[in-house]
Amino acid sequence: MSDVAHPAAPDHPATPGSAVPPDYLHDGHTLRSWLFTTDHKRIAILFALSITLFFFIGAIAISVVRLELVTPAGDLVSDDTYNKMFTLHGIVMVWFFLIPSIPATFGNFLLPLMIGAKDLAFPRINVLSWYLYVAGALLTVVTIIAGGVDTGWTFYVPYSTMFSNTAVLTAAMGVFVNGFSSVLTGVNFIATTHVLRAPGMTWFRLPLFVWAMYATSLVMVLATPVLAMTLLLIVVERWFDLPVFDASRGGDPLLFQHLFWFYSHPAVYIMVLPAMGVASELIACFARRRLFGYSFMVYALVAIAVIGFFVWGHHMFVSGQSPYANVVFSFLSFMVAVPSAIKVFNWTATLYRGSIGFDAPMLYAFGFLGLFTIGGLTGLFLATVPIDIHVTDTYFVVAHFHYIMVGGTVSAFFGALHFWWPKITGRLYPETLARIAAVLMFFGFNLTFFPQFVMGYLGMPRRYHVYPPEFQIYHVLSTSGAALLGVAYVMPLFYLIWSFRWGARAGANPWRAKGLEWQAPSPPPRDNFLTPPVVGEPYDYHPPEGPTAAEEQVA
Amino acid sequence: MSGAFLKPPFENLERQHVAVSFGMWIFLGSEILLFAGLFAGYGVYRNLCPDGFLAAGRETDIVYGTINTAILMTSSLAIAVAGRAARAGFGKMAWRLLIATIVLGLLFLVLKGFEYREDIEKHLIPGAGFPLAQKGAQIFFTYYWVMTGVHAIHVTCGLIAVGRLAVAGRRNLAWLAGSASEDATALYWHLVDVIWIVLYPLLYLTGRAHG
């Protein structure tokens with residue numbers, strides 16, 4: 001597809017007599033025009049810049065961890081520093097990168113465009129979401145300056161409330177404040193999808209990315225407040241010394257785990273549902289096929305979001321909860337695999353008889369597909385109680401959730417970044433470099449995390465600073481993979497910045513994609529569309545009257 | 001006239017009204033889950049330490065609790081009627097009812113403050129000097145302080161929102177009838193009321209069934 005000529009002529013000739021409005025990037029140049037903007041596209045950019053910063057903070061933290069693990073001895077950093085580094089990595093990556101990653105950036109930018117709206121329903125609340133994110137992020141920075149926190153991202157009691165002598169309060173408050181950012185984004189997305197769809201944009205014509213945002217928003221709105229309250233209870237117990245979870249005063253530490261995972265398991269779906277939405281857009285476009293089983297894809301998204309609320313106990317199989325609870329949670333966890341598998345099969349079926357283009361976004365989408373499948377299948381291992389007891393708190397678990405969150409979500413994030421880059425900036429990125437980065441990311445990722453499955457299965461516990469020498473080979477492989485992965489993450493940073501200034505002009509629709517966002521100019525003006533968008537069937541890549549995929553290829 | 005209330009990205013006032021109250025409903029769902037974390041914990045400990053919870057429940061001040069329940073419910077009535085009055089053209093009356101809501105809300109907070117002072121005098125703060133020995137009694141009072149405290153923060157936020165309506169409505173009575181803010185604010189205020197209606201039996205009626 002990259003050999004298709006990108007039309008240089010404006011796709012939307014302005015109606016005679018009316019001036020063309022400036023695009024959103026040039027609609028005001030002052031700092032003030034950015035910081036007090038209510039434009040969903042500018043807010044998306046603000047979020048993108050902030051989460052990129054935190055992505056690199058989290059990456060630096062884990063680099064220290066991976067370097068430390070090159071040798072079995074604790075020779076690079078002290079055990080205290082090691083604990084603070086993996087905790088910082090977890091907190092920053094989960095709450096300040098992954099949770100807002102796709103929704104707050106691409107969701108913010110694309111949701112109104114995809115449904116043919118001028119903006120989100122509540123533009124001022126949208127910018128408030130960003131300020132709340134910044135406030136939470138600043139508290140996290142304060143935590144780092146105050147010496148860090150060593151509880152792990154899970155804040156388990158009684159360690160976090162009674163024993164840890166690190167900056168638990170600011171860390172917990174940072175996550176607490178950031179939670180309101182998620183809730184407000186979720187409220188905004190849900191209301192927007194309900195009330196601002198363009199005429200003709202019925203629910204079952206919505207692109208799957210919009211459905212994914214909708215399902216994600218439901219989880220954000222209903223799960224996040226429970227985490228907020230749980231963290232508040234930690235603050236109450238630690239700061240005011242009021243008993244909540246303290247077993248010596250009648251409290252139950254397991255209650256904390258239940259409340260925490262009631263949020264934090266659905267949080268996994270906050271991370272991966274948007275990635276599924278991105279994959280659906282990318283695969284349909286680059287296979288030039290209508291998405292296979294559209295309505296099943298919708299039901300599967302909603303089913304995952306709903307069932308995801310009832311599986312939290314699989315994080316607690318060895319906590320001493322009732323064995324009957326274990327059986328039920330195990331069964332429900334298997335249930336989540338059904339809609340997830342439907343999605344994987346439908347993406348694969350979409351490729352059948354497609355005219356597949358191997359552009360960078362599609363390479364990322366393929367990466368997502370394969371890595372998510374491995375992550376999902378190993379999730380079934382972990383949902384099986386006897387196997388979970390064997391591998392609990394080992395690198396097997398670490399590898400599993402990184403396959404979902406990094407292999408799945410981060411691959412999709414980069415796929416989305418390349419796919420919509422022309423829409424966001426009006427410029428094309430350098431295709432060859434992007435393909436190299438995509439392939440490098442796939443190999444770097446597997447080299448980092450596949451050895452972790454093996455060493456975890458052999459008994460290497462997670463969060464250990466010093467380990468028996470027989471595991472060294474796996475750690476060395478993993479660390480060298482992480483170095484490759486680092487290169488694959490930094491490459492786009494450079495060539496995308498380059499293309500923003502010097503890349504070729506993109507035109508409105510360089511991919512000949514079918515979503516409404518491609519009917520707007522690139523980059524879109526403040527109100528998105530110059531003429532009201534024309535709504536048709538979703539993913540109409542091979543209309544009966546149009547050319548077949550083979551003819552398209554020849555053309 | 002209606003053009004003054006219309007805010008981008010909306011092109012039609014009715015749609016904007018639907019969006020604002022729908023958005024508020026979604027947010028209220030989120031708020032209920034916020035308190036649900038507390039209700040769940042309360043339920044678990046009520047079950048684990050029934051004696052402590054019953055004994056501790058008898059220590060809260062039922063007089064303050066009951067009067068405050070009546071005050072808050074009356075304030076909800078006032079703001080509900082205010083919306084109807086504004087839309088029916090009784091702008092002045094609507095504005096007075098908003099002031100009544102604010103006065104009742106403030107009264108609730110003042111009485112809550114007196115109640116807190118009494119609780120502190122009775123050493124009902126978990127820790128050294130706590131009067132009850134039963135297991136779980138201290139946890140009951142942790143929940144008492146957190147639940148009423150978080151609720152009081154909600155009352156304060158609600159008062160700020162109603163205050164904003166009253167200030168804007170004083171300048172322009174038609175604004176009250178036309179703006180979607182009135183509906184959304186009233187919904188929020190009702191939530192504050194509804195949460196209290198759940199807190200009242202949990203904190204004040206527990207343990208009092210047999211004297």
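Modeller: The radius of gyration is taken over C-alpha atoms, and the globule rule is 2.2 Å times the number of residues to the power 0.38. Residues are numbered from 1 along each chain as its sequence is written, chains are lettered from A and ligands numbered from 1 in written order. This is a predicted model, in which local features need pLDDT of at least 70, side-chain atom pairs count only at pLDDT 80 or more, and totals for chains, interfaces and linings use all residues.

Colleague: What radius of gyration does chain A have, against a compact globule?

Modeller: Chain A has 23 Å. A compact globule of 555 residues would be near 24 Å, so the two agree. The C-alpha atoms of chain A fill a box of roughly 75 × 45 × 45 Å along the principal axes.

Colleague: And what does the C-alpha trace of chain B span?

Modeller: About 65 × 30 × 30 Å, again along its principal axes.

Colleague: How many helices and strands in chain A?

Modeller: 16 helices and zero strands. Helices (H or I, at least four residues) and strands (E, at least two) are DSSP runs, numbered from the N terminus. Chain B has seven helices and zero strands.

Colleague: Switching to confidence. What pLDDT does chain A average?

Modeller: 93, with 95% of the residues scoring at least 70. pLDDT is the predictor's confidence in each residue, from 0 to 100. Chain B averages 92, and 97% of its residues score at least 70.

Colleague: What ipTM does the predictor give the complex?

Modeller: An ipTM of 0.94, and a pTM of 0.94.

Colleague: How many residues of chain A are in contact with chain B?

Modeller: 32 residues of chain A, against 32 residues of chain B. On the chain A side, α6 (168-195), α7 (208-239) and α8 (253-287) are the elements giving two or more residues. The largest share, nine residues, comes from α7(A).

Colleague: How do the residues on that side of chain A divide?

Modeller: 23 nonpolar, four polar and five charged. Ala, Val, Leu, Ile, Met, Phe, Trp, Tyr, Cys and Pro count as nonpolar, Asp, Glu, Lys and Arg as charged, and the others, Gly among them, as polar.

Colleague: Stay with α7(A). At what angle do α3(A) and α7(A) pack?

Modeller: Helix α3 (residues 79-115) of chain A packs on α7(A) at about 125 degrees, with the axes 10 Å apart. That makes α3(A) oblique to α7(A). Axes are lines fitted to C-alpha atoms, for helices over the stretch in contact, and angles run from 0 to 180 degrees between N-to-C directions. Under 35 degrees counts as roughly parallel, over 145 as roughly antiparallel, 65 to 115 as roughly perpendicular and the rest as oblique.

Colleague: Which residues make the contact?

Modeller: From α3(A), P103(A), G107(A) and L110(A) are among them. From α7(A), they include F209(A), V210(A) and M213(A). The contact divides into eight nonpolar, two polar and no charged residues.

Colleague: At what angle do α13(A) and α14(A) pack?

Modeller: About 170 degrees, between helix α13 (residues 395-425) and helix α14 (residues 431-458) of chain A, with the axes 8 Å apart. So α13(A) is roughly antiparallel to α14(A). Contact residues include Y395(A) and H402(A) of α13(A), and M441(A) and F445(A) of α14(A). They divide into 15 nonpolar, six polar and no charged.

Colleague: And how do the axes of α9(A) and α10(A) cross?

Modeller: At roughly 155 degrees, coming within 9 Å; the helices are α9 (residues 294-307) and α10 (residues 323-351) of chain A. They are therefore roughly antiparallel to each other. Their contact holds eleven nonpolar residues, two polar and one charged.

Colleague: Last topic, backbone. Which peptide bond is cis, with omega near -5 degrees?

Modeller: V157(A) to P158(A). P158(A) lies in the loop between α4 (123-145) and α5 (159-163) of chain A. The bond from S522(A) to P523(A) is also cis, with omega near -15 degrees. P523(A) is in the loop between α15 (472-502) and α16 (549-554) of chain A.

Colleague: What is the phi of D241(A)?

Modeller: Positive, about 60 degrees, although D241(A) is not a glycine. D241(A) lies in the loop between α7 and α8 of chain A.

Technical notes. Two residues are in contact if their C-beta atoms, placed from the backbone, lie within 7 Å.
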